[in-house]
Amino acid sequence: VQGVLAALPLLATVIGALFAGGFVDRSYKRRVLITADLFRAAVVASLTVAWALGVLSIVHVIAVAVLVGAASALDQITDVAYLPVLVDKRWLADGNAKLGATDGIAEVTGPASGGALVAAFGAPLAVAIDAFGYLMSALLLGRIRRPEPPPALIPSAASSTWQARQDVQVGMRAVFEHPQVRPIVLSLM
């Protein structure tokens, strides 16, 4: 069960990333980031609610892991695309370095902090604190006032299926034709 819980979010990340690039290009980035945070907050909070109602199941936990993994992939891709809107071109490398450092710190300290929260308060409250963190992120993103340029042409509903197919094709080429990215992705599968 632990292996499945660890693998499914990674699989959701890989699959979600294939669709995300084109979607992000055709969307307002701040709106995508806020929506991803609100979505993750609701999905994570559903664990505490299900526990309180006595209906929490392993299927629910796995579904939450997959959904949070997919939303997190979208969030990470959008972060990188939104940064040039927020910082001047000359500060872009420094901004990317800071985003990378923040992600690295979160990956190292997140599991340990989560474990400490579970030990101190129990899993249901620790999960509620995690959901609150996503809500705070959405709130802070909502306070950004820098205007965002209009996104790339947004297709009509009739052509959205065609666009999704093109997004996956572009994503597959970007992943599987790149000599450094391909082995990393294949190692996650």
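**Exercise 1.** Determine how many helices and strands the protein chain has.

*Solution.* Helices (H or I, at least four residues) and strands (E, at least two) are taken as DSSP runs and numbered from the N terminus. Counted in this way, the protein chain has 7 helices and 0 strands, and the order of its elements from the N terminus on is α-α-α-α-α-α-α. This is a predicted model, in which local features need pLDDT of at least 70, side-chain atom pairs count only at pLDDT 80 or more, and totals for chains, interfaces and linings use all residues. Residues are numbered from 1 along each chain as its sequence is written, and side-chain values use heavy atoms, with hydrogens and water left out.

**Exercise 2.** Work out whether the span of helix α3 (residues 58-86) agrees with its number of residues.

*Solution.* The expected span of a helix is 1.5 Å times one less than its number of residues.

**Exercise 3.** Decide whether G142 is buried, partly exposed or exposed, and find its contacts.

*Solution.* Buried means under 20% relative accessible area, exposed over 50%, and partly exposed in between (1.4 Å probe, protein chains only). G142, which is found in helix α5, has a relative accessible area of 22% and is therefore partly exposed. Contact means heavy atoms within 4.5 Å; leaving aside neighbours within four places in sequence, G142 is in contact with R30 and I34. G142 and R31 are 111 residues apart in sequence, yet 8.4 Å apart in space, C-alpha to C-alpha.
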